[in-house]
Amino acid sequence: MRVKIISDSTCDLSPELLERYDIAITPLCIIKDGEEFQDGVNITPADIFAHVDGGGSLCSTAAVSQYEYGKVFARYAKEYDAVVQITIGANFSCCYQNACLAAQEYDNVSVIDSENICTGQGYLVLRAAKWAADGLTARNICMRLQNLANRVELSFVLNQLNYMAKSGRCSGVLAFGANILGIKPMILFKEGEIFSAGVARGRQKSFEKALDLLMTYLAEHNGTPDDYCITVGYGYDADEGKRLWMQTRAALRAKYPGAQCEVGLLQIGCTIAVHTGPYALGMGVMRRWKKQQ
């Protein structure tokens, strides 16, 4: 069976991974000064940061429409035996709802709620693409994805709250105080919900304290680190992201020798960059099944 895997642009997988595993993308809409752009197609996170740093208003996002999903499904439903669309978590956007409505027109299109975003979603998409390449049926792939979705958890530590304040997700006073005190809030995406999971303190752009916080949280709340996959997403420039990734990987290998890196270094996409701003550190983990004794 030939199964086509499609994901919303919020999976943030690199162009190299998308090409290698033949994954198609449905881009969310980024709105900048009233003009609409497609996430990752004609706008980048760097464009957003430069616009805001230059005094421009904060960008906003809009879901993939039912019409846009329909156009994509119409193409691939004819070319493949089956299509599996993986969306951003349904509690974060109406993409899942729109995709389900569009899929009603096709007998061979299935829609899966990732219950996540960014590297959490990207992990599921990559797994689905590998299963499709191995020849699994769409039904089998969907069952496996639904089983994995509630075991994937994504944590982000933000270097600043300015973007969150501008989008109305926290007060300007809180953002100002956090920046002055060097507080980096930790946000947790788990089972389709967003939670506050503590703060890191320190002004280092390199996120040493943020990394310590994430690793501590991983150890305290998720059991044996050997049972997890680790991914890292970053914001802003590639050099800083690569340096951060190398530091994170070295720290993880030293502290948790059994932990496996499944995806690797990823750049956060426009949709999440609109809310996090530059220099956001993200780490995704996945609970593995323990071997039968």
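Guide: Helices here are DSSP runs of H or I with at least four residues, strands are runs of E with at least two, and both are numbered from the N terminus. What you see is a predicted model, where local features need pLDDT of at least 70, side-chain atom pairs count only at pLDDT 80 or more, and totals for chains, interfaces and linings use all residues. Residues are numbered from 1 along each chain as its sequence is written, and side-chain values use heavy atoms, with hydrogens and water left out.

Visitor: How do you know that the span of H6 agrees with what it should be?

Guide: H6 has 12 residues and should span 16 Å at 1.5 Å a residue; its end C-alpha atoms are 16 Å apart, so the two agree.

Visitor: Why is cysteine 142 called buried?

Guide: Buried means under 20% relative accessible area, exposed means over 50%, and partly exposed is in between, with a 1.4 Å probe and protein chains only. Cysteine 142 has a relative accessible area of 9%, so it counts as buried. It lies in helix H6, residues 138–149.

Visitor: What is cysteine 142 in contact with, leaving aside its neighbours within four places in sequence?

Guide: Contact means heavy atoms within 4.5 Å, and on that basis cysteine 142 touches Val84, Ser110 and Ile112. Valine 84 is 58 residues away in sequence, yet the two C-alpha atoms are 7.6 Å apart.

Visitor: What makes the buried residues of H6 line one face?

Guide: They are Ala138, Ile141, Cys142, Leu145, Leu148 and Ala149. Looking down the axis of H6, they fall within an arc of 130 degrees, so they line one face of the helix. That arc is taken from the directions from the helix axis to the C-beta atoms. As background, an α-helix has 3.6 residues a turn, so residues three or four places apart point the same way. Turned away from the buried side of H6 are the exposed residues Arg139 and Gln146.

Visitor: What makes a set of residues a nonpolar core?

Guide: They must be buried Ala, Val, Leu, Ile, Met, Phe, Trp, Tyr or Cys residues, joined through side-chain atoms within 4.5 Å. The largest such core has 34 residues, and Ile30, Ile48, Tyr69, Phe73, Cys118 and Phe156 have the most contacts inside it. Among the elements supplying at least two residues each are helix H3 (66–79) and strand E8 (152–158). Apart from that core lies another, of 30 residues, including Cys11, Ile86, Ile141 and Ala149.

Visitor: Is cysteine 118 buried or exposed?

Guide: Buried, because its relative accessibility is 1%, under the 20% limit. Cysteine 118 lies in helix H5, and has a positive phi of about 55 degrees although it is not a glycine.

Visitor: And why is glutamate 115 called partly exposed?

Guide: Its relative accessible area is 21%, so glutamate 115 falls between the 20% and 50% limits. Glutamate 115 also has a positive phi, of about 60 degrees, without being a glycine.

Visitor: Which strands form the open sheet?

Guide: The order is E2-E1-E6-E7, with parallel pairing. Strands E2 (24–26) and E7 each have a single partner, so one side of each is left without a neighbour in the sheet.

Visitor: How do you know that E1 and E6 pair?

Guide: Two strands pair if DSSP finds at least two bridges between them; E1 and E6 (residues 82–87) have 5 bridges, so they qualify. Serine 7 stands opposite isoleucine 86 in E6, and at 0% relative accessible area serine 7 is buried.

How values were computed
Expected span 1.5 Å × (residues − 1).
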